[in-house]
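Please look over the sequence and the model shown below before reading on.

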Amino acid sequence: MSTATAPEPTYTSATHYPPHPDGLITSSQDLASLGDKIGSVVLGDRPTPRAWYFWFLIGFALLNALGVSVFWLFYLGTGIWGLNHPVAWGFAIVNFVWWIGIGHAGTLISAILLLMHQKWRTSINRFAEAMTLFAVMCAGIFPLIHMGRPWLAYWLFPFPNNMAVWPQFRSPLTWDVFAVSTYLTVSVVFWYVGLIPDLAVLRDTAKNNLQRWAYGAFALGWRGSAIHWRRYEKLYLLLAGIGTPLVFSVHTVVSFDFAVAIVPLWHATIFPPFFVAGAIFSGFAMVVWLAVPLRKYYGMGDVITTHHLDLCARVMLTTCFMVNYGYFNEVWMAWYSHSLYEWDTTLQRIWYGPYWWSYWMLILTNTIIPQLYWFKKFRTNDWLVFAVAGSVHVGMWFERYVIVITLTRDQLPSSWGRYAPTEWDWMTMIGSVGLFITLFTLFVRFLPMISITEMREMLPGPQGGRDGHAVMENAK
Amino acid sequence: MSDAHHDPDAPPPVYGVMAEFDTADKLVEATRKAREAGYTRMDGYSPYPVGEVADELGFPRSEIGAIMFTGGLCGATLGFTMMSWASVVDYPLNIGGKPFWSWPMFIPISWELLVLTASLSGLFGLLSLCGLPQPYHPVFNVPQFVRATRDRFFLCIEAVDPKFDKAGTREFLTTLSPLSVEEVPE
């Protein structure tokens, strides 16, 4: 074990208990010690790790880069980017889809694993949901700033106006407005509802009045009444129940942005499932990227165990194959359809087009490298899991890049063109990463990164819990 | 006790009597016994949901499902109607020769609005049914109650219960082997 860097109190229970039967908690915990362990991070009992300051400052610096590049964009217009005909989408849409894919896993992980009675969800759902919110915020920026006149963004919404026009409700781009804004709202609701009892925990263990007031205000006076719990659990279950199809619908709509257009290789029925699988794939990669530092810097390795990393890696391996079925299907359908345009575009993409290398980068990072997850060592060693997940981040980005860059080869060679991002494209993209890091570090500092309430519920009976069966069976 | 004579400085009114337990099972057991003893106005408090307590309290089913169903139905219907009206009556646009009322194309937004309104009505339904946010509640007057969000389970029999009698109820709760029994000042 290499967690020796953290000279912190151990935060375990006074009595010694056997390990969790499913291997989900490796230290000896009871109701009180679990709450102390997770709560101490935000209540200031344990010093904030130096790594937190490091990452916060990095994130904040990059966030400023985002501010500068967005300011410059608003001042001069989208001409500062590498956009032109025929590639009018460029980095903005690549990054939008990349972020929204990452953003899909949080709510999906939380909701679908809840519906499937997966207890291991409990250790990762809270920070995965936070990840969702922040990733969707990063995603939401791109279509907005990609509009030439972002101050008219409210035209996207239907409202009675003196121009007497309405949005075009048959367009997936309009669907996207509703899908993404609904997704953000519902994710906030799901996350906040889950947080309410934990905020009450923090209110009751607060070290000073400021904490008591701040957490108390957001805990809304929650007192753990049995009647309230009954309604709460029903709400939580139903939110998970409609959140799951919501995730599928939102990423389906994102894929329709492409698939409804009559562009070769975009106009494909494989796109919705292919996109949804990709979203889960990249989302779990981000969960791994967040879980490993939390284990290292906050000593959370006993509640986010190597077993959790193993399970995440297995899900990634599975979704890797779904995504790769998508890659195969694209090529197969292009050949089998006998469509000259489909097949030529495919060959341009993978062989003699100017961006052939990006396709093979995609295959390398998204198909070949994730195969390392077949080896147990790569699923259970923190930094090996981390490294392969990093490859998936690159691969999922290239997947969207390859799709968008298809636009360089039109059916009329006279309208062929090239696309090259400018430094402003890069700065905006890296700046959005800064926004994500900033928000996530603040979240870890000020809110419980793991659900205290649900972890307690998951403890075995003798340790004070209910074996984690509660939500599904008590939600009535 | 000593509050038989009502002087101007009468003792403060009492919200109820509260017993403290160290496990969820004891709380379930206590709630069942209190129900069997004829108490009807009481509530259990726990750091995590314990469904059996709500069952014993006679609250087998919450209203949230009906609220979310209704909310979602309203949102979807309103959205679908809005799109139909805008696309057929107010601003008919010929898009690739498709019919003005191309209703299948309105389904995705109707679905998103269904989820949106169902979720929001569920959230606000929960808050209004539970009376939250509620900055003050008498149960917080009991010093031990700070552990209701930690590792203790409480049963509070309320003064509004027709069978409530401060001394008698306290005595009854003491028979349930609690860690402590406290009066809850109003």
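At 1.5 Å a residue, the 28 residues of H8(A) should span 40 Å, and its end C-alpha atoms lie 39 Å apart, which agrees; the expected span of a helix is taken as 1.5 Å times one less than its number of residues. This is a predicted model, in which local features need pLDDT of at least 70 and side-chain atom pairs count only at pLDDT 80 or more, while totals for chains, interfaces and linings use all residues. Residues are numbered from 1 along each chain as its sequence is written, chains are lettered from A and ligands numbered from 1 in the order in which they are written, and side-chain values use heavy atoms, with hydrogens and water left out.

- Helices are DSSP runs (H or I, at least four residues), numbered from the N terminus.
- Because 24 of its 28 residues are buried, H8(A) is largely enclosed by the rest of the structure; buried means under 20% relative accessible area (1.4 Å probe, protein chains only).
- A:Gly299, which follows H8(A), has a positive phi, near 60 degrees.
- H2(A), with 27 residues, reaches 39 Å from its first C-alpha to its last, close to the 39 Å expected at 1.5 Å a residue.
- The buried residues of H2(A), among them A:Trp52, A:Phe56 and A:Leu73, pack against H4, H8 and H14 of chain A.
- H2(A) is followed by A:Gly77, whose phi is also positive, near 105 degrees.

**The largest pocket**

- A pocket is an open set of points on a 1 Å grid over the protein atoms alone, where a 1.4 Å probe fits, with protein on both sides within 12 Å along at least five of seven lines; its lining residues have an atom within 4 Å of a point.
- The largest pocket holds about 690 Å³ of space, and of the 26 residues that line it, A:Trp55, A:Met286, A:Trp289, A:Leu290 and A:Ile437 are the closest to its centre.
- A volume here is the space filled by probe spheres set on the grid points, which are joined across faces, edges and corners.
- H2 (50–76), H3 (90–115), H8 (271–298), H13 (382–405) and H14 (423–446) of chain A each supply at least two lining residues, and the largest share, eight residues, comes from H14(A).
- By class, this lining has 24 nonpolar, two polar and no charged residues, where Ala, Val, Leu, Ile, Met, Phe, Trp, Tyr, Cys and Pro count as nonpolar, Asp, Glu, Lys and Arg as charged, and the others, Gly among them, as polar.

**The second largest pocket**

- About 560 Å³ of space lies in the second largest pocket, which is lined by 19 residues, with A:Pro143, A:Leu144, A:Leu156, A:Asp176 and A:Val177 nearest its centre.
- Its lining has 14 nonpolar, three polar and two charged residues.

- A:His393, found in helix H13 of chain A, is buried, with a relative accessible area of 5%.
- Residues up to four places away in sequence aside, A:His393 touches A:Trp98, A:Ile102, A:Ser282, A:Ala285, A:Met286 and A:Trp289, contact meaning heavy atoms within 4.5 Å.
- A:Thr174, in helix H5 of chain A, counts as buried at 11% relative accessibility.
- Beyond its neighbours within four places in sequence, A:Thr174 is in contact with A:Pro167, A:Gln168, A:Phe169 and B:Ile109.

**Chains A and B**

- Contact between the chains involves 66 residues of chain B and 57 residues of chain A.
- Chain B and chain A bury about 5,600 Å² between them, 67% of it on carbon and sulfur atoms; buried area is the accessible area (1.4 Å probe) that two parts lose on being put together, summed over both.

Conventions: Buried < 20%, exposed > 50% of the residue type's maximum accessible area, 1.4 Å probe, protein only.
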